[in-house]
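Here is a short briefing to read alongside the model.

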Amino acid sequence: MVVKKFKSILYIFLSRNFFLYLIFAGVATLFDWSTFYASVYALGYHYLLGTIFGFLIGSAINFSLNKYLNFKNKYQIIKNQFALFLVVAAVGLTLSLLIMLFFVGFIHINKMVSRIITTGIVLMYNFLGHKYLTFKILK
């Protein structure tokens, strides 16, 4: 039973969808991190506000790439699907903010290093949420 569960989870993270998600999320993450960096280091905004700005830019890019190129989702009412995408992503953002607060505020890790570590942690939640909610429920 445990081995079977492990194999099914492993299969999900070795799938074509996950591989494409990594690529598209990588592109979105570059925009996210660039926005974060510019907001915090060039414009002087608080690191949590920079995290939100980066999240918004990255989410729009991530949604578009995964909807049309990865999951090839045909659902026509974009505003409903993007709203669901944002709900799933908002939970990811909340996780990101809490992890960032912990790393930067309590452990005192560099802000950009913390952002990179946080992205890796939240990536798996985001993939599963979008695969099984955003792009599966609304087809």
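On a 1 Å grid over the protein atoms alone, a pocket is an open set of points where a 1.4 Å probe fits, with protein on both sides within 12 Å along at least five of seven lines; lining residues have an atom within 4 Å of a point. A volume is the space filled by probe spheres set on the points, which are joined across faces, edges and corners.

This is a predicted model: local features need pLDDT of at least 70 and side-chain atom pairs pLDDT 80 or more, while totals for chains, interfaces and linings use all residues. Residues are numbered from 1 along each chain as its sequence is written, and side-chain values use heavy atoms, without hydrogens or water.

**Pocket**
- The largest pocket has a volume of about 340 Å³.
- Its lining has 22 residues, with T29, D32, F55, N62 and N126 nearest the centre.

**Cores**
- A nonpolar core joins buried (under 20% relative accessible area, 1.4 Å probe, protein chains only) Ala, Val, Leu, Ile, Met, Phe, Trp, Tyr and Cys residues through side-chain atoms within 4.5 Å.
- The largest such core has 12 residues, including F55, F63, F85 and F127.
- A second, separate core of 6 residues includes F36, V40, Y47 and V104.

**Contacts and F13**
- Contact means heavy atoms within 4.5 Å; leaving aside residues up to four places away in sequence, F55 touches D32, A89, A90 and L93.
- With neighbours within four places in sequence left out, F13 contacts F18, M124, F127 and L128.
- F13 and V91 are 78 residues apart in sequence and 20 Å apart in space, C-alpha to C-alpha.

Notes. Buried < 20%, exposed > 50% of the residue type's maximum accessible area, 1.4 Å probe, protein only.
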